[in-house]
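User: I am new to protein structures and would like to learn how to read one, feature by feature. Could you take me through an example?

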Amino acid sequence: MKMSQRHILTVLCADQVPKCGGGTGFVDLVAAAAALPASLRAKAEGLSCFSSARKNAKYMKRDFTAEDAERYPDQRVPVLHRHPRDGREVLLMGSELSIFEDLDHQPDPETTQSLFQHVLNPQWMYYHQYKPGDVIIWDNLQTLHKALPFVNDGSDCRLLWRAQARVTAAFQW
């Protein structure tokens with residue numbers, strides 16, 4: 001996917017929040033890359049992250065149309081790469097559905113597991129528990145994020161408004 005097609009910035013604004021849970025966890029992938037042990041870095045340098053929106057849609061039991069396939073093609077990105085704006089090294093992890101492959105596109109589950117253990121270290125993580133009116137902004141190119149569970153039995157509500165920004169010609173990369 002071209003950089004101009006990627007959402008680089010996400011903004012969430014909390015409208016309604018559950019009494020318990022429903023926050024978002026964030027991981028600083030720049031800090032995680034900077035702290036990679038040499039032995040793990042050597043393995044990560046030869047890996048790419050293969051992500052498929054089709055696979056994600058299937059996992060989430062959602063339809064995936066031909067238009068979706070055009071808009072969200074499968075992609076391979078080096079696990080270690082440079083942020084296009086500031087040049088800092090990023091440890092790209094994708095999601096639990098991503099496949100980490102060597103140069104021959106063969107999965108490497110052992111290194112993948114080690115990388116996820118490293119990146120999910122609490123020292124590069126931030127958990128935000130929303131209050132109504134909270135606004136959170138993050139750079140999608142260097143931040144891993146995940147919604148956290150809450151009791152969703154109809155007795156409570158989690159309503160967050162989201163906006164995303166893409167790179168434009170006016171924003172030179």
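**Reading strands, surfaces and contacts**

Analyst: L9 counts as partly exposed because its relative accessibility is 33%, where buried means under 20% relative accessible area, exposed means over 50%, and partly exposed lies in between (1.4 Å probe, protein chains only). This is a predicted model, in which local features need pLDDT of at least 70 and side-chain atom pairs count only at pLDDT 80 or more, while totals for chains, interfaces and linings use all residues. Residues are numbered from 1 along each chain as its sequence is written, and side-chain values use heavy atoms, with hydrogens and water left out.

User: In which strand is L9 placed?

Analyst: Helices (H or I, at least four residues) and strands (E, at least two) are DSSP runs, numbered from the N terminus. L9 belongs to strand β1, which covers residues 7–16.

User: How should I read the order of strands in the open sheet?

Analyst: Two strands pair if DSSP finds at least two bridges between them. Here three strands form an open sheet in the order β9-β1-β11, with antiparallel pairing. Its edge strands, β9 (135–139) and β11 (159–166), each pair on one side only. Between β1 and β11 the antiparallel pairing runs over eight bridges, and C13 has W161 in β11 as its bridge partner.

User: Why is strand β2 described as largely enclosed?

Analyst: Strand β2 (residues 24–28) is largely enclosed by the rest of the structure because four of its five residues are buried. The strand pairs in the antiparallel sense with strand β8 (residues 125–128) over four bridges, and V27 stands opposite M125 in β8. An antiparallel pairing also joins β2 to β10, over five bridges, with D28 opposite T143 in β10.

User: Which residues does A147 touch, leaving out those up to four places away in sequence?

Analyst: Contact means heavy atoms within 4.5 Å. A147, which lies in strand β10 (residues 143–147), touches G23, T24 and R158 when residues up to four places away in sequence are not counted. Since its relative accessibility is 44%, A147 counts as partly exposed. A147 and F26 are 121 residues apart in sequence, yet their C-alpha atoms are 9.1 Å apart in space.

User: Is T112 buried or exposed?

Analyst: T112 counts as buried because its relative accessibility is 14%. This residue is found in helix α5 (residues 109–119), and T112 touches M93 and F100, again not counting residues up to four places away in sequence.
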